[in-house]
Structures are given as C-alpha cells and as structure tokens.
Amino acid sequence: MVIPVPTFDCAEMYANSIGASVVKIPLTAENYDLDLQRLQKAADDFNGISLLYVCNPNNPTGTITSTNQLKTWIGNAPDNHYFLLDQAYLEYVNDPSFESGVEWVKQGLSDNLIVIHTFSKLCALAGMRVGYAISNPQTIEAVEAFMSMDNTNLSGAVAAIATLNDAEFLELSLRTTNQSRQMVETVLDELELRYLPSQTNFIFHEIKGDLKTYIARMRDSGIKVGRDFPPVTGFNRVTLGTPDEMAVFIKVLKSFRKKGWV
C-alpha cells in the first residue's frame, strides 16, 4: 500500500493488520499537496500489486488534488496499480475544477479504480457506519468476496435511505457547515493564523505555540480539537460544528490570543 501522510489512517491500519507493507510519502512542504510523482514512484518501485490510497479532499488538510493530474495518473497507470479513491467529503467541495471519481468509473477510465463514499459526513450518520464502493462490475464482485454477510446494520440502512430522501436536511447541513467555515476563516484571518483552503467540514490551521499544550487547553475549555498529524507540525484541525458551537470556539481562540497562547 502506498499512502500520502498525513491522511486518513484507516487504510494503513487495515494493511498493517494483514502484514502488507505500507510506504508513506509526505505531502509537499509548501502547500501540503499530494506529491503525485513520489507516490507513483513508490508504486513503480514495487515488483507486485500496489494499492494507492488517495483521500480527495484529503483529511486532515481539507484540500483537493488537481483533477487533471489525478485523472491522468489513474488513467495511465499500469495494470498492477490499484486506486482506492476516498471521497468522504465530496458533498462539501465547491471548487468548479473538481471532478468526482464516480464520473471516471462511468467513463471506464480504469478497471483498477474503486471510489468510496460514506453517509458519515454531510448526512451526519457517522455512528451508523454506512458507506459504499463504486467500481466496475468485475472489481465489485471481487471485493464482495471479502465482505461479511451482515456488513450493513438495519438501523444504518433505514437511516441512509431516509437521509437520501430528505433534501431539506441535506441542504441545511451544507448551509450551516458553510456558514461555520466562513465564521472560523474570518477569525483566523483576523488573528493572522494561516489555514489551508478547506473543501470539507473542517479547517486545518496554524497554531503558534506547542500543539499538545493547545489541545489540552482547548479540552480544559470544553472544546475537543484534532490531534497532531505528523510529519506536519504547527497545524491543528478543527471540525466545523453548528454556527453556535463555532461561536464558542471563536471566543475561546480569541481569549488564547489575548493570553499569548496562539
């Protein structure tokens, strides 16, 4: 398995659990983008099957990878390179240049592409554990051979169907997240704390001072923020709650600035 770091780490955890080797490629130093050339080289250097895990938008950075570059890479990859394209945050993307991997499956871009989605984010069903994969019929058939018969629970299935039919809730979920993002970006601008352009429901932003101390102080203030994400240093991820919740976060963050903590 070849993965960028930092990224969502469950794919790495599963690879480790079965003894598969994992090659980690750091994000680019300047903008924290996926280093596509080094990711491809790591796969090319392995004489066997490589599974490349790509979270797009990425977690924890919240940024997207260039559609043209990613599409070209996947479309021209050799037969022993497989791509697991995680689009958990697809519904939040507002960049017009972004193209979903589902369209690439429809176009037959690659037989080795699997796109995965979840009901955990915009649909707010994280506790229900409902997700799905989209690929060509042959690949889906191969994947299903490894699935348990009861991999989706009844409550999750009913909730997922109900959410798909609730356009009003989905619109509310997206609208309030966008409002919360604007609130937090405004205060980060005010405090001159750098943040990456988020296409998700969280923001990866600069922290001036010791990160672990910052996390502890936020916890003492009743706010749980993200962990550290090595090898990136000096940044923290904050998940976007409701506007009322983010108003509390903003108030605490400003108080930290007054105390010289951030």
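Q: How many salt bridges does a search of the whole structure find?
A: In this predicted model, a search of the whole structure finds eight salt bridges. One of them joins the side chains of Asp9 and Arg227, with 3.4 Å from N to O.

Q: Where in the chain do Asp9 and Arg227 lie?
A: Asp9 is in the loop between β1 and α1, while Arg227 is in the loop between α8 and β8, so that the pair links distant parts of the chain, 218 residues apart.

Q: And Glu12, which residue does its side chain meet in a salt bridge?
A: The side chain of Glu12 meets that of Lys24, at 2.8 Å from N to O. Because Glu12 lies in helix α1 and Lys24 in strand β2, this pair ties together parts that are twelve residues apart in sequence.

Q: Is Glu12 buried or exposed?
A: Glu12 is buried, since its relative accessible area is 15% and the cut-off for buried is under 20%. Lys24, at 44% relative accessibility, counts as partly exposed.

Q: Switching topic, at what angle do helix α7 and helix α9 pack?
A: Helix α7 (residues 167–190) and helix α9 (residues 243–258) pack at an angle of about 10°, and their axes are 9 Å apart. That angle makes α7 roughly parallel to α9, because angles under 35 degrees count as roughly parallel.

Q: Which residues make the contact?
A: On α7 they include Met183, Val187 and Leu188, and on α9 they include Phe249, Ile250 and Leu253.

Q: How do the residues of the contact divide into nonpolar, polar and charged?
A: The residues of the contact of α7 with α9 divide into ten nonpolar, three polar and two charged.

Definitions and conventions: Residues are numbered from 1 along each chain as its sequence is written. This is a predicted model: local features need pLDDT of at least 70, side-chain atom pairs count only at pLDDT 80 or more; totals for chains, interfaces and linings use all residues. Side-chain values use heavy atoms; hydrogens and water are left out. Axes are lines fitted to C-alpha atoms, for helices over the stretch in contact, and angles run from 0 to 180 degrees between N-to-C directions. Helices (H or I, at least four residues) and strands (E, at least two) are DSSP runs, numbered from the N terminus. Angles under 35 degrees count as roughly parallel, over 145 as roughly antiparallel, 65 to 115 as roughly perpendicular and the rest as oblique. Contact means heavy atoms within 4.5 Å. Ala, Val, Leu, Ile, Met, Phe, Trp, Tyr, Cys and Pro count as nonpolar, Asp, Glu, Lys and Arg as charged, and the others, Gly among them, as polar. A salt bridge is a side-chain nitrogen of Lys or Arg within 4 Å of a carboxyl oxygen of Asp or Glu. Buried means under 20% relative accessible area, exposed over 50%, partly exposed in between (1.4 Å probe, protein chains only).
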